[in-house]
Amino acid sequence: MNKEITESNKKILLIVLIAGCFLSTLNQTLLNVALSSFMDIFHVTASTVQWLSTGFMLVNGVLVPITAFLMKRFTTRQLFISSMFFLLIGSVLCACAMNFGMLLTGRMIQAIGAGIIIPLLMTVILYLYPSEKRGSIMGTIGFAMIFAPAIAPTLSGFIIEYVSWRWLFIGLAPFILIVIVLAFKYLMNVAETSKAKLDIASVILSSIGFGCILFGFSSAGSKGWDDPIVITTIIVGIIVTTLFCLRQIKSNDPLLNLSVFKYKIFTITSFINILITMIMYADLILLPIYLQDGRGFSAFEAGLLLLPGAVINAFLSPVTGRMFDKYGARPLFITGLLFIIISMWGVIDLTESTTFMYLMIRTCILRIGLSFITMPLNTAGLNALPRELGSHGSAVNNTVRQLAGAIGTAVVITVYTIQATSHASQLSIENENISAKQLAELTSIFSSSDAYVFMLAFSFVALIFACFMPKKAVIQKSQS
């Protein structure tokens, strides 16, 4: 079927898919800067408001293993248009939210749409383009996927500061509608569908397993690691996820084909992916908390600080895509991680006088590092697989990323919360006349620094893994 797709059709198909992907990614990152404001608007704690991010990733994490099945069962058109409708319904519900529960529900519905789009896009590329061109194409997609988070914090900060938080969702709706119309008009199907059977037991096991792990880690921030609920859910999650994995290994038609891990390069890139995702999500949550709670900057100013680095990241993405096609993965990963290590080193000793410009330059260094890693990481992993395992590789990649993002967020919030309690009591003892406002600000500053030490350690571990990448990635040919 894909032989009939001409070059111009490929371009139209990519443009429509990338537009959907852009809106999905924009929506996912739009709320990061807004979390502090939502704490005030809905009178909830940091660990509760974090569910707007974690809940989104929880649904994604549960849904992504099913995407390989969905891509076999339904056409590209059906999946893409459905996912955009979920995004639209969720956005409308969020815009009308009267309480935190309603906002969270809308966010979960949005996540259903977001969970399908990115694996779908990756699989379409594996079908349409030969491996030697994928680096450049992934780089172009990377531009769209990274440009969305690039403008999200500034856009979000501006909307919260000068309009109303509801416009974070109202503003998305017309653009989603335009993409739906374009999809109906231009989107064609890429791969043949088959009457694949859904393994209900695997769906239940993956939902309970991943769900419990994510819930356990997310609750640890507010309840503490010694809480029975936290310990129980994490243990149950690990046991059920292990059962899910064993079922997939024994199955002739697995929901998530774990034989992708037989390919060494795919396994190494998955480990690096986990660490990089943790670092990236943690930074996106920590920096706004430090700026807003510790330094009294507005949401708009926090967004502005993140903008230049993210724009550099987006524009570098097509460049690093071409470099990947030319030089392979290892030199890019090592270069990127050295930049990331420098950027993390720069924020392990934050104070109340750390300048805005210093933080902006440091964020630019982090983003340059990420541009050498994010899309080349996906391409290297998927190129290592035969084409028939492409949709499974893409689904595994995204499952790993969602779990890592949620766990990374939970761990960093936990470290932050534990350190905040410890610093608050210490500061109160050292200075009895300290005001509540000053105590809160200093606590936030010191706790952010402590959490960044964790991220620095993760960066070094990722660098060690990157050294095991072969100089030139092996490209698997299809076995069919």
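Colleague: At what angle do helix α12 and helix α13 pack, and how far apart are their axes?
Modeller: This is a predicted model. In it, α12 (residues 264–294) packs on α13 (residues 299–327) at about 135 degrees, and the axes are 9 Å apart.

Colleague: Is the crossing left-handed or right-handed?
Modeller: The crossing of α12 and α13 is right-handed.

Colleague: Which residues meet there?
Modeller: From α12 there are L287, P288, L291 and Q292. On the α13 side they meet A299, A302, L305 and L306. By class, the contact has seven nonpolar residues, one polar and no charged.

Colleague: Which lining residues are closest to its centre?
Modeller: F210, I274, T399, V400 and L403, out of 16 residues that line the second largest pocket.

Colleague: And which elements give two or more residues to that lining?
Modeller: α10 (200–223), α11 (228–250), α12 and α17 (390–430).

Colleague: Which element gives the most?
Modeller: α17, with six residues in the lining of the second largest pocket.

Colleague: How does that lining divide into nonpolar, polar and charged?
Modeller: The lining of the second largest pocket has 14 nonpolar residues, two polar and no charged. The contact of α12 with α13 has no charged residues either.

Note on methods: Residues are numbered from 1 along each chain as its sequence is written. This is a predicted model: local features need pLDDT of at least 70, side-chain atom pairs count only at pLDDT 80 or more; totals for chains, interfaces and linings use all residues. Side-chain values use heavy atoms; hydrogens and water are left out. Axes are lines fitted to C-alpha atoms, for helices over the stretch in contact, and angles run from 0 to 180 degrees between N-to-C directions. Helices (H or I, at least four residues) and strands (E, at least two) are DSSP runs, numbered from the N terminus. A crossing is left-handed if the near helix is turned anticlockwise from the far one by less than a right angle, and right-handed if clockwise. Contact means heavy atoms within 4.5 Å. Ala, Val, Leu, Ile, Met, Phe, Trp, Tyr, Cys and Pro count as nonpolar, Asp, Glu, Lys and Arg as charged, and the others, Gly among them, as polar. On a 1 Å grid over the protein atoms alone, a cavity is a set of points where a 1.4 Å probe fits but cannot get out, and a pocket is an open set with protein on both sides within 12 Å along at least five of seven lines; lining residues have an atom within 4 Å of a point.
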